[in-house]
Amino acid sequence: MPEILETDICVIGAGSGGLSVAAAAAGFGVPVVLIEKGKMGGDCLNYGCVPSKALIAAARRAADFATSAEFGVSAGKPTIDFARVRVARREQIDVAEVVAGAVRLALAHPDRPEGVSVSCVAKEGEFIVEGDDDLLHRAVFNLLLNALQASPEGSEVQLEVTAARPDQLDFGPTFAEGGVAISVLDAGPGILPSIRDRLFDPFFTTKQGGSGLGLAVVHRAIDAHRGLVFLDSGSAGTRFTVVLPRLSHLVRRLPVGSLSPATVLT
Ligand SMILES: Cc1cc2nc3c(=O)[nH]c(=O)nc-3n(C[C@H](O)[C@H](O)[C@H](O)COP(=O)(O)OP(=O)(O)OC[C@H]3O[C@@H](n4cnc5c(N)ncnc54)[C@H](O)[C@@H]3O)c2cc1C
Ligand SMILES: Nc1ncnc2c1ncn2[C@@H]1O[C@H](COP(=O)(O)OP(=O)(O)OP(=O)(O)O)[C@@H](O)[C@H]1O
Ligand SMILES: [Mg+2]
């Protein structure tokens, strides 16, 4: 039987409007429930004010660099790291949800060769990490797209999300809670050893019309999440594996009995 919440105010939508009303009411000690169906922060935090201002701030810094020579300061040509500009949010992310979104998008991509399918093994609610889901989505999508582009007709790209135990990851305290491994395997021609050192360099590409930014974005995005990227490639295909630090002690949803004056339900 559902439990009934006793509350004075129920705010639906945690955009800048809903958040400020809920915070103000809670500040007066009024019991408030805030319900959000999408991302906390609404347009302002996720797509609008904050991301656009972050880009504008980055562009201003780049312009300062580019025009500093006239003041006798030579700072060189600025490089742009789009991935870093976006790491503004840190939230709990269900990796299975991110992966499912990336698979949906990749399946609809025109570069998917005839009959190439994607199999996806990822248990919902099991693998939680902290970070920016947009950024992780872009990383997984770029790996999937590369795998599809390399795949022979009728083959299968296999995507798998698994746990990596702390003892399998000898990489210090970052992985104290273990890791979440996202691996993307294709049956393509593999990657020649002679180009492996340059794969993650921005603008490195062997594809006609490729921009060479896909893996650079993957690297920056995973680095920003304190994760690692591994490559395993041979004539039978290529496997990219991303390992992210796992979060294990999580409260996904507050039990109703513990509702405080301002409670957020997502
Ligand atoms: C590119 C861009 C740049 C911007 N820059 C600025 C700026 O610099 N300064 C400025 O002041 N404004 C700016 N804005 C405008 C600003 O983002 C919006 O005015 C503001 O986000 C509106 O807030 P809101 O809470 O009314 O709505 P929203 O932010 O749209 O929030 C509504 C929330 O309600 C949720 N919701 C909807 N229906 C339900 C439901 N049935 N159940 C549960 N949840 C639900 C949605 O998921 C969403 O999170 C910008 C907008 C854009 C797009
Ligand atoms: N799964 C894969 N199989 C074979 N080669 C790959 C694979 N993934 C990446 N590569 C190689 O790495 C290069 C760089 O990949 P990256 O994603 O950075 O750029 P791109 O795919 O060429 O262009 P784009 O910017 O459109 O992604 C590719 O051009 C290709 O040579
Ligand atoms: Mg690519």
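**Exercise 1. How many bridges join strand S6 to S7, and in which sense do the two strands run, parallel or antiparallel?**

Solution. The model is predicted; local features need pLDDT of at least 70, side-chain atom pairs count only at pLDDT 80 or more, and totals for chains, interfaces and linings use all residues. Residues are numbered from 1 along each chain as its sequence is written, chains are lettered from A and ligands numbered from 1 in the order in which they are written, and side-chain values use heavy atoms, with hydrogens and water left out.

Step 1. Strands (E, at least two residues) and helices (H or I, at least four residues) are DSSP runs, numbered from the N terminus. Two strands pair if DSSP finds at least two bridges between them.

Step 2. Strand S6 covers residues 156–164, and seven bridges join it to S7 in the antiparallel sense. Within this pairing, Thr-162 has Ala-181 of S7 as its bridge partner.

**Exercise 2. Identify the strand joined to S7 by eight bridges, and state how that strand continues the pairing.**

Solution. Step 1. The strand is S9 (residues 237–245), which runs antiparallel to S7. Val-180 has Leu-244 of S9 as its bridge partner, and Leu-185 stands opposite Arg-239 in S9.

Step 1. S9 also pairs with strand S8 (residues 228–234), in the antiparallel sense and over seven bridges. Here Val-229 stands opposite Val-242 in S9. A hairpin of two residues joins S8 to S9.

**Exercise 3. Determine why strand S7 is largely enclosed by the rest of the structure.**

Solution. Step 1. A residue is buried under 20% relative accessible area, exposed over 50%, and partly exposed in between (1.4 Å probe, protein chains only).

Step 1. S7 spans residues 179–186, and because seven of its eight residues are buried, the strand is largely enclosed by the rest of the structure. S9 is mostly covered as well, with eight of its nine residues buried.

**Exercise 4. Which residues come nearest to ligand 2?**

Solution. Step 1. Of the 19 residues around ligand 2, the nearest are Thr-205, Thr-206, Lys-207, Ser-211 and Leu-215.

Step 1. An oxygen atom of ligand 2 lies 2.4 Å from a polar side-chain atom of Thr-206. For a polar side-chain atom of Lys-207, the distance to an oxygen atom of ligand 2 is 2.7 Å.

Terms used:
A residue is near a molecule or strand if one of its heavy atoms lies within 4 Å of it. A polar contact is a pair of N or O atoms within 3.5 Å; within protein, one must be able to donate a hydrogen and the other to accept it, and residues adjacent in sequence count only if both atoms are side-chain atoms.
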